[in-house]
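Me: I am new to this and would like to learn how to read a structure. Could you take me through it step by step?

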Amino acid sequence: MAAQPLLSVRNLRTVFGTMQGDVTAVDDVSFDVVPGEVLGIVGESGSGKSVTALSIMGLLPQPPGRVAGGEILFEGRDLLKLPKSEMRRMRGSAIGMIFQEPMTSLNPVFTIGDQITETIRVHERIGAAAARVRGIEMLEKVGIPSPQRRIDDFPHQLSGGMRQRVMIAMALSCSPKLLLADEPTTALDVTIQAQILDLLRDLQREMGMAIVIITHNMGVIAEFADRVAVMYAGRIAEEGPVGRIFDAPTHPYTAGLLSSTPDLIGEVPRLRTIPGTLPSLYELPPGCRFAPRCGRRVEACEAGRPATQEIAPGHFAACIRAREGASA
Amino acid sequence: MSATSPAPLLRVENLTKHFPITAGFFVKREVGRVRAVDDVSFHIAQGETLGLVGESGCGKSTTGRLVLRLIEPTSGKVEIEGRDILSSTPAEMRELRKGMQIVFQDPYSSLNPRMTVEEIILEPLYVQGARPGPEMTRRARKLLETVGLSPNHVVRYPHEFSGGQRQRIGIARALAPQPRFVVCDEAVSALDVSVQAQIVNLLQDLQEEFRLSYLFIAHDLAVVKHISDRVAVMYLGKIVEQADKASLYASPRHPYTQALLASIPVPNPRLRRPRARLTGDVPSAMAPPAGCRFNTRCPHATDLCRTVEPPAIEAAPGHVVACHHVASIPAVSPLAPQR
């Protein structure tokens, strides 16, 4: 990678303490994000993608969650070692975040204006009037019609798509260098989803920020991301440029995920499936976590964790048979 | 195709449901109406799947429930195998219900957590008057096998199963009375994609085995395309376009269908494209726009669209479109041109 990474996650391990003992939700996950790029993290429920984002933001519910190992370097500084007050300054100004639920992530008893100016004034020393002007500017930027009027609305007066626009306006009000977007369009209808993705892409280009987008939707990844990390049961199975992941997936899980997604363009009589279900985090298989569901399993897969290999420049896969090429 | 087949299994004509909005605590008075489903007509042949797509609030789930008479329509007609459902007495209705079942979206809330799998699966039969016994247990085990679960799971409770397995239990329950018609209301929407594919395949296998007809309600156009023979697109309580799936996806005629197809992110990075986007939100069903309900978001809207409601026109054999300008709008699929 040529550019110095903006965010570098090294061997992140996040565990949750439960009545039945600790479970590892994120296990030895590493990836980099360079300035201005869009990294997509894709995976099914329980793959650890949201916990990864919460770990980066320092927003894990603690207890039961805690980061048990690794480093999260943002511009070279380890976020895990920052004092709480400094991390709080970082969130919202250098790193913004938007969540899936635009209904629940806004406070229902304050106006849009209260909430957006609060964000701005926490991070910058500006007066209430100036913050309001900035708030109106931001609302305009995210495409909210008549922002001068809308800024005094309460969240319940806005539609789901409008609320997500407000969330984006808040997250971007201090021009962060990195935006973490956790399923930002999952709760939205498809025509609204398209609007929000277009908006995010325009703003990303305009402001030059990097985005980590977390989603279960392969379509969103294909349209939006530059690079993709595919997560399975707490680990990254495969990572690479978006074109390569879709054209030449080398990890059987990636290939399975792609072929079980119904296609709008082609026509297949029958969907391919991945047999079985995700393993429980309490009883993880000893070797490759995908082995019990994998059609290309050999004995060695169960022996130990498959090492991550570089298949092509920037294309990594954690599968001992990755070099043989994926049999679709 | 099915348009020519003699007698459809299910025929729905001018089906309408308006929910009253009431105000007042002691004396309720009607202050408005939500026009959830408005003058909807379609038919489904035996062994056929009709996909019903649309965004949230378009009335697709209400349509599914109306067809089964789980809610009473305001007006309209529903016939299954020639028998009028809406004028049937409760006793006749119970008999008819054997032939029509539903699979719900949420595999968590649609199964009673205090009942065993056997009790859940057989409940529709007990409602019909069957008595518990070893023969019934055998039947439950057989049904579990049919949907790809172990027969020994009859004694377990819903919490012991994953989402995909629960959906299989919901399907087994729907199959118990040996229906001919099943409404799948977002039956695979809550599932992860690898599990979703398993359930879609199961539904297709069962259709073949039992000659089932499906009304497949979903918001995911890719899944609907995969499983359906014909597709109807709903917007604000109206069916705006209806056709066999090949023509609907290859040459959509209604501007809403075109916009919907253009909005879907396609899992192929080489098909990234700048596209015309729909602006704005869906208007409220309490006060739908006059004329064509899509006119507030339609790039082709004219004064005619803002005043006169467009009739459903057969633009091509079996391809019904409710748009004034269907003749002048090119039938280009936003999916087609890029290669």
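Reply: Helices (H or I, at least four residues) and strands (E, at least two) are DSSP runs, numbered from the N terminus. This is a predicted model, where local features need pLDDT of at least 70 and side-chain atom pairs count only at pLDDT 80 or more, while totals for chains, interfaces and linings use all residues. Residues are numbered from 1 along each chain as its sequence is written, and chains are lettered from A and ligands numbered from 1 in the order in which they are written.

Me: How do I read a sheet, and what is the strand order in chain A?

Reply: Start with pairing: two strands pair if DSSP finds at least two bridges between them. In chain A, 8 strands make an open sheet with mixed pairing, in the order E6-E7-E8-E3-E9-E10-E12-E11. Strands E6 (95-98) and E11 (309-312) of chain A are at the edges with a single partner strand each, so one side of each has no neighbour in the sheet. Within this sheet, E9(A) (residues 227-232) and E10(A) (residues 235-241) run antiparallel and are joined by 6 bridges. Val230(A) is opposite Glu238(A) in E10(A).

Me: What is the order in the open sheet of chain B?

Reply: The order there is E6-E7-E8-E3-E9-E10-E12-E11, again for 8 strands with mixed pairing. In chain B, E11(B) and E12(B) (residues 319-321) run antiparallel, joined by 3 bridges. Here Ala316(B) lies opposite His319(B) in E12(B).

Me: Now the two chains together: how many residues of chain A are in contact with chain B?

Reply: There are 36 residues of chain A in contact with 32 residues of chain B. On the side of chain A that touches chain B, H7(A) gives the most, with 6 residues.

Me: How are two packed helices described?

Reply: Two packed helices are described by the angle between their axes and the distance between the axes. Axes are lines fitted to C-alpha atoms, for helices over the stretch in contact, and angles run from 0 to 180 degrees between N-to-C directions. H7(A) packs with H9(B) (residues 255-263) at about 50°, the axes being 8 Å apart. Angles under 35 degrees count as roughly parallel, over 145 as roughly antiparallel, 65 to 115 as roughly perpendicular and the rest as oblique. H7(A) and H9(B) are therefore oblique to each other.

Me: Which residues make that contact?

Reply: Val190(A), Thr191(A), Gln193(A) and Ala194(A) of H7(A) meet Ala259(B), Leu260(B) and Ser263(B) of H9(B).

Notes: Two residues are in contact if their C-beta atoms, placed from the backbone, lie within 7 Å.
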